[in-house]
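Me: I would like to learn how to read a protein model step by step, with the general idea given before each case. Could you take me through this one?

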Amino acid sequence: MENLPVEVLTTILLKALNSNQRKLRRRLRLVCRTWYTIISQNSLFWTDIGLHRSAKEFREVLRLNPAGPLDVSWTPPRPHWRRGMNPTTVEHTETISSESRRWRSLTLAGYISDHVQRHLIQVPNPRLMDINVCNPDSGYGSGPHQNLPLTLGGYALRNVVLGFTTLDWDSPRLKGLRNLRLHGLRNNAPTHIQLHTIISASPELEVLGLTLCRWELETSAQVLPSLDLITLDSLTTLILYEIDRSMAHCVSSFIQAPNCSYLKIRYVRAMAVPDPIATWRLVKLLRGPLQGTSKLFVTYDERDGGLDLGTEQEEKELGVLDIREATSKLAARREIYFEIQCSHVVGDNGPQPWNDVLRTFARTVIQPALSGLNIPVRFQLPVVRSHLLAEDGRAFAAENLFEIPGISGLDLHAYGRDYAGLTSILEYLASPQPIPTTEGHDGHLCWPCPHLETIAVTCFEDDCDNIRSALDQVLSNRSQNPTKAQDESVRTPRMGDCQPRRINEIRIYDHRGSPLREWKEGEGWMYAE
């Protein structure tokens, strides 16, 4: 590299800088005198200016970058978010405020006092492209949301990450975004139309996250038909987390992300009367990330009428908005989590039974989303109660949700000593003849869960013998003309293979999770070790 022109070497060194510019810059200056000179004389190596740093370091950055862009940040340690600035930081704030016209990015993760608002927020920012502001004081409900004004005629924004902070959502600078994450905007979130306009003007959007945001419920049905569908080929991350029904319904209806790899939609309220257009769009939204999924867990909880669909057995909490997290790191995640809540649903004719709503959702959304995809599904029932049986004695889960395509594994948990609901599901699996299910091809009859290979049952130890008898019936009836999963074509539900596979493993656990019995093909029943 000794013979490289200075311009080329400078470009290479600038490309080497990452989000931790300060640490890497110090190391590169120690390589040789040439590198030391290049870094010291080019202001682009000195854009990162932390207000919480020492006075010596603060003055050095301003001295070596007298007129170039600045990346201003104040990010005290998380346990001290609500503390104010120390005298040194206050002095730095007053100094940097006069340089606001050359700010390129602003990152604030501390208590926003009147002093901070006056010197860091209510200032001209024509060159500002990246905004990362979280006002933790408003998150505790003790303060109003901060409003961050945008200078008219400035640069278009690139990254907007806001926690309990709002903007002028009609600003012309909100276009061409690569990252949009909003957290905790109770009554200050952009409206349906504003959000649609912002996303429409950002075709290269990579990350979209809405967490703990609220809208006016009455406006959703009125504006939804007028919102055009937006296809975002660059979107890799979509997070709709604990937001109200209208927001989740609206956003999932006008966004399509065929290349999305991190999809997290939680606390979506089902609609008693589903909108066919919105349902079709939601199916398309789910099928994008499902295309690259090698396994799937579906959990149905009878206690709250919730249905979860994800690539992990348990949901991973998002936690507090972390504005320090790099967009590239977030965009590289690979995960799917979708949760639908069907309890307390009110339709046109009053309250609707949540099992009817869930049945409709499973058949109109989940089944079409999984149809034709070669994805083994692990179906989990953490609670099975007998009082939720249908009139014919079958468990609701057995009658309706077992129509989910591709179920290869099953986890059943009895509700205390009440195992009647659990045995009713096993009776369903032990059907002596094929029945109409979604696995059937062109209306043909099909065995219940024909791809099922493993079963796990949790119950009290005293009930183990009764459960084992029911499982023996499943094994006996499904042993007629079993199919062995030897090639991938058999695993595809659309192939219409209605013969059941062989069960190759069964495990019975007690209510504490300790193994009691196990059955393996060719070995029979044995005590678990």
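Reply: Let us begin with a term: a salt bridge is a side-chain nitrogen of Lys or Arg within 4 Å of a carboxyl oxygen of Asp or Glu. The general idea is that side chains of opposite charge can pair when their charged atoms come close. Please keep in mind that this is a predicted model, and that in this model the structure holds 10 salt bridges.

Me: With which residue does Arg501 form a salt bridge, and how far apart are the closest N and O atoms?

Reply: The partner of Arg501 is Glu453, and their closest N and O atoms are 3.4 Å apart. Arg501 sits in the loop between helix 17 (488-491) and strand 22 (505-509), while Glu453 sits in the loop between helix 15 and strand 21 (454-458), so this pair ties together parts that are 48 residues apart in sequence. Both Arg501 and Glu453 are buried.

Me: Which salt bridge does Glu518 make, and is Glu518 buried or exposed?

Reply: The side chain of Glu518 meets that of Arg507 in a salt bridge, at 3.1 Å from N to O. This pair links distant parts of the chain, since Glu518 belongs to strand 23 (residues 515-520) and Arg507 to strand 22, 11 residues apart. Glu518 has a relative accessibility of 8% and therefore counts as buried, whereas Arg507, with a relative accessible area of 26%, is partly exposed. Glu518 and Arg507 are also linked with Glu505 in a network of salt bridges.

Me: How exposed are the two partners in the salt bridge of Arg512 and Asp510?

Reply: The side chains of Arg512 and Asp510 meet at 3.5 Å, N to O. Arg512 is exposed, because its relative accessible area is 62%, but Asp510, at 4% relative accessibility, counts as buried.

Me: Let us turn to helices. How should I describe two that pack together, and at what angle do helix 1 and helix 3 pack?

Reply: Two packed helices are described by the angle between their axes and the distance between the axes. Helix 1 (residues 6-16) and helix 3 (residues 33-41) pack at an angle of about 75°, with their axes 11 Å apart. Angles of 65 to 115 degrees count as roughly perpendicular, and helix 1 is therefore roughly perpendicular to helix 3. From helix 1, the residues Val6, Leu9, Thr10 and Leu13 meet Thr34, Trp35, Ile38 and Ile39 of helix 3. Sorted by class, this contact of helix 1 with helix 3 has six nonpolar, two polar and no charged residues.

Me: How do the axes of helix 4 and helix 5 cross, and which residues make the contact?

Reply: The axes of helix 4 (residues 55-64) and helix 5 (residues 87-97) come within 11 Å and cross at roughly 15°. This angle makes helix 4 roughly parallel to helix 5, and the crossing is right-handed. Helix 4 contributes Ala55, Phe58 and Leu62 to the contact, and helix 5 contributes Thr88, His92, Thr95 and Ile96. Those residues divide into four nonpolar, three polar and no charged.

Me: What does Thr95 touch, if residues up to four places away in sequence are not counted?

Reply: Thr95, which lies in helix 5, touches Phe58 and Leu62 when those sequence neighbours are left out. With a relative accessible area of 33%, Thr95 is partly exposed.

Me: How many residues of helix 15 are buried, and where does Ser202 lie?

Reply: Helix 15 (residues 420-429) is mostly covered, as eight of its 10 residues are buried, among them Gly421, Leu422 and Tyr428. Ser202 lies in the loop between helix 8 (192-200) and strand 9 (207-211), and it counts as buried because its relative accessibility is 1%. Beyond its neighbours within four places in sequence, Ser202 is in contact with Lys175, Gly176, Leu177 and Leu232.

Conventions:
Residues numbered from 1 in each chain as written. Predicted model: local features only at pLDDT ≥ 70, side-chain atom pairs only at ≥ 80, totals over all residues. Heavy atoms only, no water. Axes fitted to C-alpha atoms, helices over the stretch in contact; angles between N-to-C directions. Helix = DSSP H or I, 4+ residues; strand = E, 2+ residues; numbered from the N terminus. Parallel < 35°, antiparallel > 145°, perpendicular 65-115°, else oblique. Left-handed = near helix turned anticlockwise from the far one by under 90°. Contact = heavy atoms within 4.5 Å. Nonpolar A, V, L, I, M, F, W, Y, C, P; charged D, E, K, R; others polar. Buried < 20%, exposed > 50% of the residue type's maximum accessible area, 1.4 Å probe, protein only.
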